Amino acid sequence: MTNTLVKVCGLSTPETVDAAVDAGADYIGLVHFAPSPRHVTLDQAARLRARVPMTTKVVLLLVNEQPVPTAQAVDAVKPDVVQFHGGETPEWLALLKGAMPQEVWKAYGVRDAGSLESALKFRGAVDRVLYDSAKGALPGGNGLAIDWSLLAAHRHELAWGLAGGLTPDNVADAIRQTGAPLVDASSGLESAPGVKDVDRIRAFVQAARQA
Ligand SMILES: O=C(O)c1ccccc1NCC(=O)[C@H](O)[C@H](O)COP(=O)(O)O
């Protein structure tokens, strides 16, 4: 058994939210970004959020939102964590972190070891950095893995998590190889883009727990 935290991202239906909660996910993610096949409106996100017990934390994902829409989204959904996936600066995220009770996470695209060094600019500005693939058509949810050996070799100074191409079949290896304190998956738990599979959600959480 590991202590690795598990996040199931990109949920958009009551059934899949319930499946992730029942499977024991630590975090569920709701994507509010219209071009994504996993997009939920603020109204949908608030209704999904209301189903989640306090034992599971809710992460709201935003991309390059301006201050007013960010505040409106946080107010409507009342997440535990707000995760940013665009070109948000450390300065803006630090301001936000100081102004609201929610944790602030920043997804950060990893290309090489230099990416892990440059992520240090978010030190003090966010509560966690989520390392993800720097490639793909969308800002996240592309199913592309990063080079785990970079993370294994790195002396981590930031609280972090591993995302990108994780599935029920590879998550245990990913945890063993990188020592990730948190793992996050989205498209690897789907039967089609945006369509989560409850069996794959359960298998992912179980495989991460047993790594
Ligand atoms: O999932 C999306 O469609 C998405 C769209 C815009 C911004 C972020 C998005 N997802 C972010 C996540 O946290 C995903 O879980 C993460 O990128 C890993 O995705 P995957 O490689 O598909 O497991």
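**Labels and their cut-offs**

Me: How do the residues of the shell around the ligand divide into nonpolar, polar and charged?
Reply: They split into ten nonpolar, 13 polar and three charged. Here Ala, Val, Leu, Ile, Met, Phe, Trp, Tyr, Cys and Pro count as nonpolar, Asp, Glu, Lys and Arg as charged, and the others, Gly among them, as polar. Mind that this is a predicted model: local features need pLDDT of at least 70, side-chain atom pairs count only at pLDDT 80 or more, and totals for chains, interfaces and linings use all residues. Residues are numbered from 1 along each chain as its sequence is written.

Me: Which residues come nearest to the ligand?
Reply: Of the 26 residues around it, Cys9, Gly140, Gly141, Ser186 and Ser187 do. To be near, a residue needs its C-beta atom, placed from the backbone, within 6 Å of the molecule. Strands E2 (27-31) and E8 (182-185) each supply at least two residues of that shell.

Me: Why is Val74 called buried?
Reply: Val74 has 20 other C-beta atoms within 10 Å, and buried takes 20 or more within 10 Å (exposed is 12 or fewer, partly exposed in between, with C-beta atoms placed from the backbone). So Val74 counts as buried.

Me: What is Val74 in contact with, leaving aside neighbours within four places in sequence?
Reply: Pro79, Val82, Met100 and Gln102; contact means C-beta atoms, placed from the backbone, within 7 Å.

Me: Why is Asn64 called partly exposed?
Reply: With 13 other C-beta atoms within 10 Å, Asn64 lands in the in-between class, so partly exposed is the label. Asn64 is in the loop between E3 and H3 and has a positive phi of about 50° although it is not a glycine.

Me: What makes Lys78 partly exposed?
Reply: Its count is 14 other C-beta atoms within 10 Å, so Lys78 gets that label. Lys78 lies in the loop between H3 and strand E4 (81-84), and its phi, near 55°, is positive too.

Me: How do you know that the buried residues of H2 are on the same side?
Reply: In helix H2 (residues 42-49), Ala45, Leu48 and Arg49 are buried. They cover an arc of only 100° around the axis, which puts them on the same side of H2; the arc is that of the directions from the helix axis to the C-beta atoms.

Key:
Contact = placed C-beta atoms within 7 Å. Helix = DSSP H or I, 4+ residues; strand = E, 2+ residues; numbered from the N terminus.
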